[in-house]
Amino acid sequence: MLFRSHPLPVTVLGYAAASLTSLSFYPQAYKTVRSGETKALSLPMCLLRTSALAIWLLYGVCSDNGPIMVANGLALMPMGLVLERKLREQRRHQLGPSSEP
């Protein structure tokens, strides 16, 4: 039950904050996908943030906390995409110029 312990205005506030926080990473993901450029992004940051979002999502599911589930579910999608692109670039860089398409 997603509305179990808070009055409606507090729950709506939680969902609004969760949504805005999560959506804030979408422009970076869009830019990364469009340009294919991830050199300015730190691989450890991408790994840590993706892991943290996944754990927070799991926590939200286990605690039946709707805003936490929404925030981290929405944020995990673009962050996972950016991580995938970063790992792909990292692998291509390690393999050298002969791995270029």
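What share of the contacts in the protein chain with a separation of 6 or more comes from residues 24 or more positions apart? The figure is 72%, where contact means heavy atoms within 4.5 Å.

Some ground rules before the details. This is a predicted model, in which local features need pLDDT of at least 70 and side-chain atom pairs count only at pLDDT 80 or more, while totals for chains, interfaces and linings use all residues. Residues are numbered from 1 along each chain as its sequence is written, and side-chain values use heavy atoms, with hydrogens and water left out.

Now the layout. The protein chain has four helices and zero strands, and from the N terminus the order is α-α-α-α. Helices (H or I, at least four residues) and strands (E, at least two) are DSSP runs, numbered from the N terminus. Of the 101 residues in the protein chain, 28% are buried. Buried here means under 20% relative accessible area, exposed means over 50%, and partly exposed is in between, with a 1.4 Å probe and protein chains only.

Helix α3 covers residues 43–63 and helix α4 covers residues 66–95; they pack at an angle of about 150°, with axes 8 Å apart. The axes are lines fitted to C-alpha atoms, for helices over the stretch in contact, and angles run from 0 to 180 degrees between N-to-C directions. α3 and α4 are therefore roughly antiparallel to each other, a label for angles over 145 degrees; under 35 is roughly parallel, 65 to 115 roughly perpendicular, and the rest oblique. By class, the α3 contact with α4 has 18 nonpolar, six polar and two charged residues. Nonpolar covers Ala, Val, Leu, Ile, Met, Phe, Trp, Tyr, Cys and Pro; charged covers Asp, Glu, Lys and Arg; the others, Gly among them, are polar.

Two residues in α4. K86 is in helix α4. Is K86 buried or exposed? K86 counts as buried because its relative accessibility is 5%.

Last, cysteines. C46 is buried at 0% relative accessibility, whereas C62 is exposed at 65%. The structure holds zero disulfides, a disulfide being a pair of cysteine sulfur atoms within 2.5 Å.
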